[in-house]
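Hello,

Here is the structure I promised to hand over. Please open it first, then read the notes below it.

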Amino acid sequence: MLTRNCFSLLLWVLFDGGLLTPLHPQPPQPLEAEPREDAAPGPGRRSSAQRVKRGWVWNQFFVLEEYMGSEPQYVGKLHSDLDKGVGTVKYTLSGDGAGTVFTIDETTGDIHAIRSLDREEKPFYTLRAQAVDVDTKKPLEPESEFIIKVQDINDNEPRFLDGPYVASVPEMSPVGAYVLQVKATDADDPTYGNSARVVYSILQGQPYFSIDPKTGVIRTALPNMDREVKEQYQVLIQAKDMGGQLGGLAGTTTVNVTLTDVNDNPPRFPKSIFHLKVPESSHVGSAVGRIRAVDPDSGKNAEIEYNIVPGDGGNLFDITTDENTQEGVIKLKKPLDFETKKAYTFKVEASNLHLDHRFHSVGPFKDTATVKINVLDMEEPPVFSKPLYTMEVYEDTPVGTIIGAVTAQDLDAGSSSVRYFIDWKNDLDSSFTIDATEGTIATNELLDRESTAQYNFSIVASKVSNPLLSSRVQVIINVLDVNEFPPELSVPSETAVCENAKAGQVIQTVTAADRDLSPAGQRFSFRLSPEAASKPNFTVHDYRNNTAGIETRRNGYSRRQQELYFLPVVIEDSSYPVQSSTSTMTIRVCRCDPDGTILSCNVEAIFLPVGLSTGALVAILLCIIILLAIVVLYVALRRQRKKDTLMTSKEDIRDNVIHYDDEGGGEEDTQAFDIGALRNPKAMEESQARRDIKPEALRFPRQPAAAEDGADIKDFIHQRLQENDGDPTAPPYDSLATYAYEGAGSVAESLSSIDSLTTEADQDYDYLSDWGPRFKSLAEMFGEEESYHPDKVT
């Protein structure tokens, strides 16, 4: 095969002046060069005016895959028409595999493959060739691209990528039923030869299955294959390339085919009669035996349903199907008694649940068998005459009183005596006793229904001959009530009445409760106590249905006159002996709206205006508090403003003397310092001690001034200072000279005697002459020989 392929390749290669032509019949791809104008025409050369076609022409080369020769495999030859064979042209190769897979002879242009190639790994290689001038190193032709294609050989066998396969087909299927389709893949070139053309065949699995040689579809080849005969089949499939011809490569796979079940078999009992033995002591609902029908099918087709055919003895038993084993479980529906009946016989039918209509012609899918059950005699415990005993006793019954009895019998052939005892839940329960021989029950202590209303315990009866055989029964004793508690009101003992209530209005409905267990028909009666019947405020109306209504007896109630009323109500029951009690209801008078809705029941609400809610009252109080705060703040501001006005008024005499906010304009300023006020005769004759405040008492009355209109100002001031210094009730400022406000920014600072020196040394006022012309008069006034004590002169 390799020799034939090489020979075909050599026939495709044609030599034409060193020019390579394509292997396949495809149009060549010439590489044209621009004409050289400096080249003169000559022998063997075209004129420069003509378009010269020169270069190399190829489409693709071929190389065989898996070449195993000792020498590199020859691929082809590159040749340029500019190459004259004198060694002036150099050929280069680049692209896929250049230098590693393919090499080129730089002088001749021969291309060889230096290693074996695999088409399945890489089907073709794209390379580029270049012709370069050896001397100038410049390309003679434009670079050209060509392809080297790896030619396929049949070196890959078909493979089943999805194998081994698993398939299934229903049993009893007709010939040609579809089973599965297999597929094999061949890695060889499907476009070249028959290397990848696969044919399928069965090597193992005849005559049950067949396969289509082209599609690989597997079908059944025999009819009515029975799963119960053979369920599993293993089919060996072969895929061969080269169209199945001799020399082709082959691959195999396995197909495991399973026949799925259909319901083609009815259930069958392995025997016609089943014998069972059942003890007579078996409990109702317990399983007494099992039978089984055989069905060779599987899954849901083998599910069996068992039924008891109506007949003798079948009503005492029932049968169900065990889902795991498909057995029929026979259960007891009623107790057995050997002394009554010793054997039972009935028939059981087994049938399939899921039927297949294709097999109805086979016959009914059911079977019947007979079951015989023999009852075994067993020694049994005593049997009570009742399954439950209920008794009643009054709570005041004396100790030792018999209230009832229980009875148990031994039903076996050899009857034995029976002994009774109470099975209390704990040792503290000893309210009753039982006679061990007779089974009578009596009280053992006084009973109290309000403490325990019912007793529930068990009584055990055992055989004297065999104490281990015992049975028990439940006993319930209800303690009956004796009327010993009086009825009481079952609603709150307080209610309300509106001030605007009308006579005959129901203000409260009351009921009663009794701690005694009231028998059927128990009735309660309500009435007023004798001492309250004469008061025309409220009354009690008995509705005779165990309820009563509290009604008003007059129009209108006043909280100012009486806020609370106390109404005694007498309640009686109807049991024997009759019990009664008196309950006092508190009735509170409340303010209500016209519809009867209660607005307020508090005492404080009496003095509040009608119609004001709590929120409105709170808002009014807040407004009053805010107004009072505003008034207090206003009065405080007025007092402060009045004080400031008194201290700063320009009309005050003291301001003319000591107000130094304005230092004055000197001798010419007569308004800022009006000394005429000091010479006012009326001011000198006044006997009052102060003009700004009035002291409560003067310990040293002031003498009237003896100065006349022309008296010296200094004497007048000195006299006034002595009067105020000797007055213990006066503040440390005189009536005419208040030094609290000397002004700001004054160069003279304060002239008050409070801050003056306390030494006995004379005060030097010569510095006043340094203050400027405005203080000239003041400097002359205090600069004379007569001087005053510092704490006397300001």
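Of the chain's 794 residues, 36% count as buried. Keep in mind that this is a predicted model. The accessible surface of the chain comes to about 47200 Å². Carbon and sulfur atoms hold 53% of that surface.

The chain has seven helices and 39 strands. I also looked at its contacts between residues at least 6 apart in sequence. Of these, 66% join residues at least 24 apart.

Three strands form it, in the order β24-β28-β27. The sheet is open, and the pairing is antiparallel. Its edge strands are β24 and β27, each of which pairs on one side only. On average, neighbouring strands here are turned by 25 degrees against each other, direction ignored.

Take the β24 side next. Strand β24 covers residues 402–405, and β28 covers residues 440–443. Three bridges join these two antiparallel strands.

Then the β27 side. Strand β27 spans residues 432–434 and pairs with β28 over three bridges, again in the antiparallel sense. Which residue of β28 is the bridge partner of phenylalanine 432? It is threonine 443. Isoleucine 434, in turn, has isoleucine 441 of β28 as its bridge partner.

β27 and β28 also make a hairpin, with five residues between the strands. Look at glycine 439 in this hairpin: its phi is positive, near 80 degrees.

As background for viewing the sheet, side chains in a regular strand alternate between the two faces of the sheet.

Ile620, Leu621, Ile624 and Leu628 make a nonpolar surface patch of about 380 Å². Of these residues, isoleucine 620 lies in helix α3, which runs over residues 614–648. Is isoleucine 620 buried, partly exposed or exposed? It counts as partly exposed, because its relative accessibility is 40%. Buried would mean under 20%, and exposed over 50%.

Best wishes

Notes. Residues numbered from 1 in each chain as written. Predicted model: local features only at pLDDT ≥ 70, side-chain atom pairs only at ≥ 80, totals over all residues. Heavy atoms only, no water. Patch = residues over 30% accessible without salt bridge, like charges linked within 9 Å, V, L, I, M, F, W, Y side chains within 5 Å. Areas by Shrake-Rupley, 256 points an atom, 1.4 Å probe, with all protein chains shown as cover. Salt bridge = Lys/Arg side-chain N within 4 Å of Asp/Glu carboxyl O. Helix = DSSP H or I, 4+ residues; strand = E, 2+ residues; numbered from the N terminus. Buried < 20%, exposed > 50% of the residue type's maximum accessible area, 1.4 Å probe, protein only. Contact = heavy atoms within 4.5 Å. Pairing = 2+ DSSP bridges. Axes fitted to C-alpha atoms, helices over the stretch in contact; angles between N-to-C directions.
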